[in-house]
Amino acid sequence: MGIKYKLRAMKQVLLKNEHASVSVEPLNSEFEKITISHRHCEAEISLYGGQVLRFKPTGQQALLWLSDSATYQKEKAIRGGIPLCWPWFGANDKQVEPAGNHGFARQSQWTIDKVSADEQATTIILVLEGEQYHSLWPHAFKVVQTLVFGQSLKQSLAMSNLSTDDAQYSGALHTYFKVSHPSNVVIDTLTGVNFDDKLTGLANTQINRVSCVGPIDREYHSADVMTLVDSDYEHIITITSSGCQQWVLWNPGSELAATMADIHDQGEHEYVCLEAANTHWQTITAGTTVTMSQEIAVQRN
Ligand SMILES: O=P(O)(O)OC[C@H]1O[C@@H](O)[C@H](O)[C@@H](O)[C@@H]1O
């Protein structure tokens, strides 16, 4: 089982120095959030899901979308920010019965391991660990998420298999990028890349510039650096991944979004998900650690 989680009754300052202040406070009666203020950025993280909710580099647009209708409730995932899809991505295709999308990490309480800040950034390290934690993933494990909030956001997920058997995982850093409108967004770095289209079930190659207007749900087989250019926000977001073999591009489009209670009215016109992912099963050999990571940086265009 995972570590028993104890909710703090009131706001607690975790760190305050000449560079940053970091505090943790109740988000509602069950959950807590960490708030970070640094000269280079403002950010928030929910300990439920270990999920970055907000990141705004100083002098720039907020980079992450968070639904106004997001639910903050056990056994539900928070819609927005950067949900952690782990230890499986999408539906768990090893199971006969549906297992629930995207694993259990985004529906688990994470704990704070370390907080530090210097002139360049605030670093937060969160941990999720357990054994027999989920019937579909019984392995003893420890996942360490390191978040470095500075002018950019660096995020890494180090997954340790502490059991004596090899384990398999798939996963994604499921980033909801806040955009002026998906039709204003260009991701030319996907042009020429092979993809699996989850809506048609067909494999294809991206010949022309991809449209980010939903419905779109594709797994692009590329580990290249991605650029997301938003003509109205007049900025370029650069996303660099490591330990990830795919980029998933997802926007539900209006028809599906209208059926999703946790997307506020017209919310699907405010984001594009571009997810650093391993959509196929990967092995974590017994006793070893593997890492998925990304860096998100923005510049004016
Ligand atoms: O609604 P969820 O479980 O957060 O998933 C959202 C989407 O996440 C994307 O990563 C998947 O490719 C989509 O198929 C899925 O619909």
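The residues in the shell around the ligand divide into four nonpolar, four polar and three charged. The structure is a predicted model, and the positions named here come from that prediction. The shell itself consists of Ala 77, Gly 90, Asn 101, His 102, Ala 172, His 174, Lys 198, Asp 217, Val 248, Trp 250 and Glu 275.

On confidence, the protein chain has a mean pLDDT of 96, and 98% of its residues reach 70 or more. For the complex, the predictor gives an ipTM of 0.99 and a pTM of 0.97. Where pLDDT is low, predicted coordinates should not be read in detail.

Five strands form an open sheet in the order S1-S2-S3-S4-S5, and their pairing is antiparallel. Strand S1 (12-16) and strand S5 (51-57) stand at the edges; each has a single partner strand, so one side of each is left without a neighbour in the sheet. Direction ignored, neighbouring strands of this sheet are turned against each other by 10 degrees on average.

S1 is joined to strand S2 (residues 20-26) by four bridges, and the two run antiparallel. S1 and S2 form a hairpin, with three residues between them. Two of the facing positions can be named: Gln 12 stands opposite Val 24 in S2, and Val 13 stands opposite Ser 23 in S2. S1 is also hardly covered, since the count of buried residues among its five residues is zero. A residue counts as buried here if 20 or more other C-beta atoms lie within 10 Å of its own.

Strand S8 (residues 122-130) pairs with strand S9 (residues 141-149) in the antiparallel sense, over nine bridges. Nine bridges also join S9 to strand S10 (residues 153-161), and this pair runs antiparallel. S9 and S10 form a hairpin with three residues between them.

Val 127 stands opposite Val 144, and in S10 the bridge partner of Val 144 is Ala 158.

Methods:
Residues are numbered from 1 along each chain as its sequence is written. This is a predicted model: local features need pLDDT of at least 70, side-chain atom pairs count only at pLDDT 80 or more; totals for chains, interfaces and linings use all residues. A residue is near a molecule or strand if its C-beta atom, placed from the backbone, lies within 6 Å of it. Ala, Val, Leu, Ile, Met, Phe, Trp, Tyr, Cys and Pro count as nonpolar, Asp, Glu, Lys and Arg as charged, and the others, Gly among them, as polar. Two strands pair if DSSP finds at least two bridges between them. Axes are lines fitted to C-alpha atoms, for helices over the stretch in contact, and angles run from 0 to 180 degrees between N-to-C directions. pLDDT is the predictor's confidence in each residue, from 0 to 100. A residue is buried if 20 or more other C-beta atoms lie within 10 Å of its own, exposed if 12 or fewer, and partly exposed in between; C-beta atoms are placed from the backbone.
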